[in-house]
Amino acid sequence: MSNAQVPPEGPIGAEPETPVCARHADRPTRLRCTRCERPACPECLRDASVGMQCVDCVNEGARSVRQARTSAGAVLSNGRPVITQVMIALNVLAYVVTVVQSGSPMNNQRSGLFTATSMIPELTANGEWWRVFTSGFMHFGLIHLALNMAALFVVGPVVEQELGKLRYSAVYLLSLLGGSAAAFYFGTVCQQLAGASGAVFGLMGALLIVFKRQKRDISTILVVVGINLVSNLFTNASLLGHLGGFVIGGLLTLAMVRAPRQNRNAYQIGAVVAAVLLLGGMFALRATELDTAAELVLEYARTCGPN
């Protein structure tokens with residue numbers, strides 16, 4: 001009595017069924033991911049260090065890899081300096097509006113927008129507080145604008161890459177306010193102020209800290225800052241505004257790059273809050289000194305009258 005052999009299922013000599021892509025059920029494929037071994041069509045595979053991996057495994061691996069960060073905690077990237085470009089665009093746009101209104105590219109301070117937004121200390125002290133911010137986007141003529149935007153174009157991207165967009169925005173805006181606060185608190189009531197110089201000098205202070213942290217040569221930065229500050233003595237530029245922006249930008253960046261990795265965000269937020277409180281206090285104290293019309297008149301006569 002002989003044992004009969006059971007024939008295999010399906011017709012003899014038939015090819016095994018071709019698997020389909022795990023992501024595309026209508027695409028037969030004999031390729032597989034070297035990581036998860038699931039079938040994958042050529043469109044769903046990516047080159048890996050060993051073999052090919054499906055897009056799901058590639059994405060999972062990217063999430064698990066720790067991203068490189070700068071000393072301030074920003075993700076290291078070579079992306080576009082978006083905030084710098086936005087600030088340049090806003091300054092140029094504001095200038096164009098003042099030129100159209102005034103009909104002059106060099107005497108644009110006669111425009112209604114310039115008059116309403118530049119910082120005039122006596123009007124600021126009487127409640128027009130928006131001027132401490134909006135004045136940072138006004139410029140006295142084309143040369144003033146060109147110099148500030150050229151400096152912003154060179155310095156801004158370097159600092160923005162190191163700090164990241166959010167921290168960079170905070171340093172820029174608080175440096176702008178730092179320049180206004182120094183000129184308002186320590187200066188006279190007769191000087192009309194405008195320009196992005198406070199913010200630009202703040203970024204120079206930030207760049208100085210960043211280069212020092214990276215152990216890079218800072219001599220060029222010191223020379224440029226020194227030349228600009230000395231030139232203030234021979235022009236109508238606000239030395240106080242430049243110094244105020246430089247100090248705030250430098251100190252705020254120092255706090256950001258020296259913050260411990262643990263609770264880094266909390267320390268950096270604390271530094272921003274401290275800067276806001278300091279600047280707010282300076283504005284409030286100076287306004288209190290000039291809280292009556294009589295005091296403003298006396299101050300104006302003392303500092304702005306004929307010599």
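Before the tour, one term: a residue counts as buried when its relative accessible area is under 20%. Keep in mind that this is a predicted model.

**Helix H6**
- H6 covers residues 141-163, so count 23 residues in this helix.
- From the first C-alpha to the last, H6 reaches 31 Å, close to the 33 Å expected at 1.5 Å a residue.
- There's a bend of about 35° at Gly 156, and Pro 157 follows within four residues.

**H8 meets H10**
- Two of those partners also pack against each other: H8 and H10 sit at an angle of about 35°, with their axes 6 Å apart.
- The crossing of H8 past H10 is right-handed.
- On the H8 side, the contact is made by residues including Gly 198, Phe 201, Gly 202, Gly 205 and Ala 206.
- On the H10 side, look for Gly 241, Gly 245, Phe 246, Gly 249 and Gly 250, among others.
- Sorted by type, the contact residues come to nine nonpolar, ten polar and one charged.

**Trp 130**
- You'll find Trp 130 in the loop between helix H4 (121-125) and helix H5 (131-134).
- Trp 130 counts as partly exposed because its relative accessibility is 44%.
- Leaving out residues up to four places away in sequence, Trp 130 touches Ala 116 and Thr 117.
- Met 119 is eleven residues from Trp 130 along the chain, and their C-alpha atoms are separated by 8.6 Å.

**Two positive phi values**
- Most residues other than glycine have a negative phi.
- Glu 37, in the segment before strand S1 (45-47), has a positive phi near 65°.
- Is Glu 37 buried or exposed? Its relative accessibility is 56%, so Glu 37 counts as exposed.
- Lys 215, in the loop between H8 and helix H9 (219-231), has a positive phi of about 60°.
- Lys 215 has 77% relative accessibility, so this residue counts as exposed.

Notes: Residues numbered from 1 in each chain as written. Predicted model: local features only at pLDDT ≥ 70, side-chain atom pairs only at ≥ 80, totals over all residues. Heavy atoms only, no water. Expected span 1.5 Å × (residues − 1). Bend = angle between axes of the 7 residues up to and from the residue. Axes fitted to C-alpha atoms, helices over the stretch in contact; angles between N-to-C directions. Left-handed = near helix turned anticlockwise from the far one by under 90°. Contact = heavy atoms within 4.5 Å. Nonpolar A, V, L, I, M, F, W, Y, C, P; charged D, E, K, R; others polar. Buried < 20%, exposed > 50% of the residue type's maximum accessible area, 1.4 Å probe, protein only.
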